[in-house]
Structures are given as C-alpha cells and as structure tokens.
Amino acid sequence: MEIRRLTEADAGRYRLIRLRMLHDHPAAFGSAYEEYLEQTDASIAARLRDQLSAPDHFVLGAFEGERLIGTIGLYREQGAKSRHKGLIWGVYTAPEARGRGVGRRLMEAIVRQARALEGLELLQLAVAIDNLPARRLYESFGFRGWGVEHRALKIGDHYVAEEHMVLELYGAKEPR
C-alpha cells in the first residue's frame, strides 16, 4: 500500500471514491452526494493542482497499485488568529479494504505531515456519534472529544449528531 498526496492526475479516481463514500455513507460526511455529482473531473483536477502549492491544504490517498482505496484531507485555518488549527476531513476506506489498517496508515501519515507544518498546533475533526470504529481510531491517536453537536447533519427527516474531537500535536501521545 502506498500513501501519497493526490495530484490532478488522480482526479477521476478521487471523484469516483468520493461519490461512493457520499452515496454509501451519507451520515458520515457533510457533503451531499447529489451536490458532488455536479463536480467534474476537470474541476476536481483544478482543486488538486491548486493544493500542490499549498502545503497546509491537501488530500492524501491510499493506493493498492493504481486503485485508490482510501482518503483523508487536511485543511488549515487561514485567519491570523486561527492558523494554529487544522481540520481533518473526508476520512474513508473502501469497504473491500477495511480491516487491513488503511485508516490507521492514513491517520499516521496526516498526523506526521501536520506535525511538520510550522505553527500548526491542533487537529480537529467531527465524527458521527454512532461511528464507533472511527471514534476508536481517532482516540487511539490521542484525539479527545470536546463537545457534541446535536442535529449536525440533516438527511431527509433524520438527524446525525457529531462529536467534535481535537488532537494537540505537541505533547500528544503516539498511536496505540
């Protein structure tokens, strides 16, 4: 398995896995499948190309050969008073690759790269309360919950509560 930063050449593969994650797990992501359908390979390629010049905003992919089997993104806050915080988003492992440590490898890579960014002190994320495997993974890296947002997402008539979690990059424990 290879973990690497996605480039514009990965746009088609990324679009397909992103559509799959949004379709199959709508309660796990803030983006909606129907909205993402409007994204083209060209628009995704442009965003990935732009991210190559931004060391603190990127998407990593887990690959088996040419097959993209997992993703994770990092976005650093841009404001002068909030640049010390980064947001992890879009964490996903394809069902056929689960149970093989893909998510752990992606988290290891993103935490390592985040620690290398000057001035970045905190990583934050939000996870659906009932997504126990993801919550356990994040906790194993030292993320801790700091609040629950009830009705964070609304899908039809169903609401999803999310736990907000944070990892302090300096002094944080190593993953278990």
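Let's start at Met 107. Setting aside neighbours within four places in sequence, Met 107 is in contact with Ile 72, Ile 88, Leu 137, Tyr 138, Phe 141 and Phe 143. Keep in mind that this is a predicted model.

Now the core around that residue. Met 107 is among the residues with the most contacts inside the largest nonpolar core, along with Ile 88, Leu 123, Tyr 138 and Phe 143. That core has 28 residues. Who supplies them? At least two residues each come from strand 2, strand 3 (67-76), helix 4, strand 5, helix 5 and strand 7. Helix 4 gives the most, with seven residues.

Next, the largest pocket. Its volume is about 940 Å³. The lining has 39 residues. Nearest the centre lie Ala 28, Val 91, Asn 131, Ala 134 and Tyr 138. So much for position; what about class? The lining has 22 nonpolar, eleven polar and six charged residues. Strand 4 supplies the largest share, seven residues. Helix 4 (102-115) and helix 5 (132-140) each supply at least two.

Last stop, helix 3, residues 41-51. Which residues are buried there? Ile 44, Ala 45, Leu 48 and Gln 51. They cover an arc of only 120° around the axis, which puts them on the same side of helix 3. The general rule: an α-helix has 3.6 residues a turn, so residues three or four places apart point the same way. And what covers those buried residues? The cover includes strand 1 (2-5), helix 1 (11-24), helix 2 (33-36) and strand 2 (57-64).

Terms used
Residues numbered from 1 in each chain as written. Predicted model: local features only at pLDDT ≥ 70, side-chain atom pairs only at ≥ 80, totals over all residues. Heavy atoms only, no water. 1 Å grid on protein atoms, 1.4 Å probe; cavity = no way out; pocket = protein on both sides within 12 Å on 5 of 7 lines; lining within 4 Å. Points joined across faces, edges and corners; volume = space filled by probe spheres on them. Helix = DSSP H or I, 4+ residues; strand = E, 2+ residues; numbered from the N terminus. Nonpolar A, V, L, I, M, F, W, Y, C, P; charged D, E, K, R; others polar. Buried < 20%, exposed > 50% of the residue type's maximum accessible area, 1.4 Å probe, protein only. Arc of directions from axis to C-beta. Contact = heavy atoms within 4.5 Å. Core = buried A, V, L, I, M, F, W, Y, C linked by side-chain atoms within 4.5 Å.
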